[in-house]
Amino acid sequence: MKASYGSISSAASSLVAGSVTFLVSVLSTRAASSAVSDFGPLRVKAASFQDGLPHKHRFGGLWRSFLALGLVFALSAVIVCGASGQEAADRPVRWGGGSSPNMVSPAKHLPADPGSMTLLWELKLGSHTYSIPTIDRGRIYIAANDAGVQRPGYKPTGGGVLMCVEQATGKLIWQLPSPRNFAGVKPPYHFDQWGCGICSGPLVEGERVYVVGNRGEILCLDREGQANGNDGPFQDELAYMGITNAGAKLEPTDGDIIWKYDLLAELDVVPHDVCGSTLLLEGDLLYACTSNGIDGRHDKVPRPDAPTLIVLDKQTGRLVARDDERIGRRLLHCNWSSPCLGRVKGRTLIFFGGGDGILYAFEPPEPAADSRVRILHKVWSYDCNPPDFRVRDGQPLPYSRDNPNRPDGPSEIIGSPVVYEGRVYVALGQSPLHGNGRGCLSCVDAATGTNVWASELVERSLATPSVFEGLLYIPDTSGHLHCLDARTGQRCWVQPLGGTCCYASSFVADGKVYASTETGTLWVLKADKQLQVLSQTRLKSKPITLTAADGVLYVPTQHSLLAIPGV
Ligand SMILES: [Ca+2]
């Protein structure tokens, strides 16, 4: 399990001795470019660990196309919220130990040069991973696809898995494999067919774990899994896992579903590609994006009036409220963003980035004595597309997918909004398959929904911003890491990262900014108004948004979860 990093020269030697793979070509290209020092690296390291399937299976031809598609779908999960440190057990925790939707953590003693460190441990995952791990009370929760699942009687189908492992060792505590939703691939659906697995970031509160599954279900699970028995009204975990062989029985290392809510069956939504967003928990209310989207032909929205943001009772999974904004009527592609919460002038508001490119602020539903489903009250909405993204010379501009030669049209919101000091920060983005294009990072007054500033220096981005000590960091799809003054929107610096940034947000902790590229390079820069690159590390598998806790970086890649200690 333990693996160490090698220098670029030793890695190159082993690669020369090995077969020609996509990875080799990537490393060779990157080594050559780093020698030019265009990007200001101090040095480049390469990881020497192995990670699962042969590379030719992972990156070749059609599969590589699927992978690229998968990146897109996962972004709502990958780029949703941040970590803000260890919190009490009764507080909801998403990602690295916090509940804040800001990609910032108070973790300390983190490595400035991860490539120089020896891994604490490496957990093998599947062939796709897009879920940011959540760390809570000595345990890590991470989701992936099911290609690496080993459980007697379980056959991987291109579905997903949620795993709970020991933080100190990466040892499995329990897992819930979840077969693919085969019905979801039939028209009008275009769903759960890319093998992306569970893309949602797990949310933990007390003894419960909440996640949006690959099958389009919101799942409430027992933190202890089956080790303390089969709890909750849901009892048929074996059937859920697709384990039907005679004599099969639940094991202590199986997950324990308390309740589940089927978005497709209950709401008649038609999710597109994946249900990838991360849940928001406030009090007893669980907020979820339905991922209602366009049809498989990218032709029309089958359910234009279906809800996009819903609210469930966390105890029972009962539907409490839904929006009625009919975002589907204006939808560009799909709803993959995740809701976040802010307290604005003594008032709690729920912010949601729509697949129509509009940022919405809702009031939480009022308590009600009956079980009537309430409609969420919209406080304000703000179009994150500047007017000339929508219309020019009196003519509507086409969406990029429909006309790649016009990359200046409207875009949707995929990353999560972040609330910081009374303002909401959110980027526009599109699938990287639509190419690069005009984007806009908006800063909006959280109380009124009015524009504070908007910067088109940031191109399309699927990332959630990191806002720390008045500075905002965000990578865009074109492969630039931006640092802006959060108050004014003035750009302090921009760093080209030498590869596109499709599926990882930046992460700020311990005075450092971590960012990574699709070509597998993990960058570390100083979190400062002055640009300073601290290191680059090359990984064999593309890293997604990382997190940190207790002096350790936890870096998910497509195939592994790496625990990299600090100093
Ligand atoms: Ca249990």
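Student: Where in the chain is Tyr189 found?

Tutor: Tyr189 lies in the loop between strand S9 (172–178) and strand S10 (190–191). Strands here are DSSP runs of E with at least two residues, and helices are runs of H or I with at least four, numbered from the N terminus. The model is predicted, so local features need pLDDT of at least 70, side-chain atom pairs count only at pLDDT 80 or more, and totals for chains, interfaces and linings use all residues. Residues are numbered from 1 along each chain as its sequence is written.

Student: Why is Tyr189 called buried?

Tutor: A residue is buried if 20 or more other C-beta atoms, placed from the backbone, lie within 10 Å of its own, exposed if 12 or fewer, and partly exposed in between. Tyr189 has 21 such atoms within 10 Å, and therefore it is buried. Buried residues make up 57% of the 567 residues in the protein chain.

Student: Which residues does Tyr189 contact, leaving aside its neighbours within four places in sequence?

Tutor: They are Gly184, Val270 and Gly296; contact requires C-beta atoms, placed from the backbone, within 7 Å.

Student: What makes strand S12 and strand S13 a pair?

Tutor: Two strands pair if DSSP finds at least two bridges between them. Strand S12 (residues 208–212) and strand S13 (residues 217–222) have five bridges, in the antiparallel sense. Arg208 stands opposite Asp222 in S13.

Notes: Two residues are in contact if their C-beta atoms, placed from the backbone, lie within 7 Å.
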